[in-house]
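Subject: Structure handover

Hello,

Here is the structure I said I would pass on. My notes on it follow below.

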Amino acid sequence: MSTEHSQEVARVFDEWAQAGRDEGMADRHGLSARPVLEELTPAADDRFLDLGAGNAWAARWAQAAGARAVAVDVSPEMLARAREAQPAPGLVQASFERLPFADRSFAFLFSMEALYYAEDLDQALAEAFRVAETGGELHALVDYYEGNPASEGWPDKTGVDMHRLSPEGWEARLTEAGFTDVGTARVRSGEGESWRAEHGSLHVYGRKA
Ligand SMILES: C[S@@+](CC[C@H](N)C(=O)[O-])C[C@H]1O[C@@H](n2cnc3c(N)ncnc32)[C@H](O)[C@@H]1O
């Protein structure tokens, strides 16, 4: 799907990648996501999908843990950055509203600070559910959510529309998409900006029964 919205998102993140901003983002996001990733236990050869992967740092983590990782991003320049670090995971330029994968392909779906950029969030979650294996898990972290006042102005800053959901709103959307064992939790980090300790990232999770 190449809509005006996804082209605008790709343009913004192409510029970020060309300016080298992917690295700082990966460092900050890595700190927030580490406790969640460390709880995931991909078995050898489990398939791991990183949605809105940026420079694919999380997919590389999964690969190092033994999984077969694929990173999806709509921004070609982010994927070019991802290609620079070897061994690179599988890299696919696509929108998470239209994933070029067969049904039930992935044991783990991960996304850091990306899903709320979807033009059609329900379609993105439906796609995540479709490509999850039976028993597969979705783990998404977002910093732009109702309950984190520090992120309120981000759409104006970036010039891109975003979905601002409450924790309950995220749970409802995952449930609607078909996920079970749905929940949310704040993941607070003692490092970085003060809101990371006070409010933290919102971990949104669910399973495909
Ligand atoms: C804030 S960055 C986070 C990148 C990476 N997950 C990280 O933690 O460093 C958001 C990423 O999501 C990607 N993105 C946004 N909307 C997307 C969509 N509809 N489909 C695929 N990727 C998307 C952007 O291109 C960007 O690389």
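What is the volume of the largest pocket? The volume of the largest pocket is about 790 Å³, counted as the space filled by probe spheres set on grid points that are joined across faces, edges and corners. A pocket here is an open set of points on a 1 Å grid over the protein atoms alone, where a 1.4 Å probe fits and protein lies on both sides within 12 Å along at least five of seven lines; lining residues have an atom within 4 Å of a point.

Before the rest, some notes on the source. This is a predicted model, in which local features need pLDDT of at least 70 and side-chain atom pairs count only at pLDDT 80 or more, while totals for chains, interfaces and linings use all residues. Residues are numbered from 1 along each chain as its sequence is written, and side-chain values use heavy atoms, with hydrogens and water left out.

Of the 45 residues that line the largest pocket, Phe13, Trp16, Met25, Glu113 and Tyr117 are the closest to its centre. Helix H2 gives the most to this lining, with 6 residues; helices (H or I, at least four residues) and strands (E, at least two) are DSSP runs, numbered from the N terminus. The lining divides into 24 nonpolar, 9 polar and 12 charged residues. Nonpolar means Ala, Val, Leu, Ile, Met, Phe, Trp, Tyr, Cys and Pro; charged means Asp, Glu, Lys and Arg; the others, Gly among them, are polar.

The ligand

The ligand sits in the largest pocket, meaning that more than half of its atoms lie within 2 Å of the pocket's grid points. Around the ligand are 20 residues (a heavy atom within 4 Å), and His29, Gly52, Asp73, Phe96 and Met112 come nearest. This shell divides into 12 nonpolar, 5 polar and 3 charged residues.

Which polar contacts (pairs of N or O atoms within 3.5 Å) does the ligand make? A nitrogen atom of the ligand is 2.8 Å from a polar backbone atom of Gly52. A ligand nitrogen atom is also 2.9 Å from a backbone N or O atom of Met112, and one is 3.2 Å from a side-chain N or O atom of Glu97.

The backbone

A cis peptide bond, with omega of about 0°, joins Gln86 and Pro87. Pro87 is in the loop between helix H4 (76-84) and strand E3 (90-93). Ala56 is not a glycine, yet has a positive phi of about 70°; Ala56 lies in the loop between strand E1 (47-51) and H3.

Regards

Technical notes
Polar contact = N/O pair within 3.5 Å; in protein donor to acceptor, adjacent residues only side chain to side chain.
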